[in-house]
Amino acid sequence: MSESSEYVPPKVWSWNKPSGGRFANINRPIAGPTHDKDLPVGRHPLQLYSLATPNGQKVTIMLEELLALGHRGAEYDAWLVKIGDGDQFGSGFVAVNPNSKIPALMDRSGPTPIRVFESGAILIYLAEKFGAFLPTEAGPRAECLSWLMWQMGSAPYLGGGFGHFYAYAPTKIEYAIDRFAMEVKRQLDVLDRRLAESEYIAGSSYTIADMAIFPWYGGLAKGWLYGAAEFLSVQEYKQVQRWADMLLDRPAVKRGRIVNRVSGEPASQLHERHDSGDFDTKTQDKIGVR
Ligand SMILES: N[C@@H](CCC(=O)N[C@@H](CS)C(=O)NCC(=O)O)C(=O)O
């Protein structure tokens, strides 16, 4: 019998032991800062505090796409937030995102800095600020926002549900893995059917819905997440594969994926981005692994 089936919850839960599993050291049941630490501020209008997880990549892909379109106001400094070290609990970070999670953005282009947190909100904010990648006509706009919200609501089942129990939990719990594998495969099928009728997620044009969904479900399809490609038979989702390959061909997607990345091939790690030239000169293969 597994440990989980023997567990009888007490009347009142209390935090009296580490939860176990990867990330146990940063999990806690209270919010707010644990220490005083100001955030650095660079020279560009936009200051991004992030890490190249799928949620972080959404925003760096968007910023690189905006720059590729010629929006110079989208120039940004991308500062590294090491969530494994608890940087997200520093007072400066909590002031930008009271939820203590990356990505978090400060727009310093106007007289009063504007903070934006939650990756979906950041994508909408940037799309509206620059008038790009979010259709203005009611129907296409509704479609785009619907898929964006679909991603925000669905990915926690993929990451916090499937990914956690398949890859990170201290014990393999069949019930939990089955439950979330079923849901993730259903989500992949939702996308596959949508992409069979539509070139991009929200229709015939590339939008923030693609940018939000790609790092999660494109990443899963390409075998980058949780070592689960074979387990979930991701090759079967032909339209998701087609779409992921199409996005991967975009230079801005290639660039956005490596900003604030601290794992993988040294050439695919740009720990911080403060200038467009950094992609050529500051990846870890160029400056040496720290
Ligand atoms: N709904 C949030 C989720 C952000 C999120 O979960 N960020 C993770 C990394 S992908 C994080 O910062 N975790 C740190 C922690 O939980 O302490 C968003 O989309 O921005």
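Q: Which helices each supply at least two residues of the lining of the second largest pocket?
A: A pocket is an open set of points on a 1 Å grid over the protein atoms alone, where a 1.4 Å probe fits, with protein on both sides within 12 Å along at least five of seven lines; lining residues have an atom within 4 Å of a point. Here, H1 and H5 each give at least two residues to that lining. Helices are DSSP runs of H or I with at least four residues, strands are runs of E with at least two, and both are numbered from the N terminus. Before we go on: this is a predicted model, where local features need pLDDT of at least 70, side-chain atom pairs count only at pLDDT 80 or more, and totals for chains, interfaces and linings use all residues. Residues are numbered from 1 along each chain as its sequence is written, and side-chain values use heavy atoms, with hydrogens and water left out.

Q: How much space lies in the largest pocket, and which element gives the largest share of its lining?
A: The largest pocket holds about 1,700 Å³, a volume being the space filled by probe spheres set on the points, which are joined across faces, edges and corners. Its lining has 48 residues, and closest to the centre are Phe23, Thr53, Asn55, Ile83 and Trp216. H5 gives the largest share, eight residues.

Q: Is Leu105 buried or exposed?
A: Buried means under 20% relative accessible area, exposed over 50%, and partly exposed in between (1.4 Å probe, protein chains only). Leu105, in strand S3 (residues 104-107), is buried because its relative accessible area is 0%.

Q: Which residue does Arg186 pair with, and where do the two lie?
A: Arg186 pairs with Glu183, with the closest N and O atoms 2.9 Å apart. Both sit in helix H6 (residues 174-197), three residues apart, about one turn of the helix. Arg186 has 45% relative accessible area, so it is partly exposed, while Glu183 counts as buried at 19%.

Q: Which parts of the chain does the salt bridge between Lys222 and Asp245 link?
A: Lys222 and Asp245 have their closest N and O atoms 2.9 Å apart. This pair links distant parts of the chain, with Lys222 in the loop between H7 and helix H8 (238-248) and Asp245 in helix H8, 23 residues apart.

Notes
Salt bridge = Lys/Arg side-chain N within 4 Å of Asp/Glu carboxyl O.
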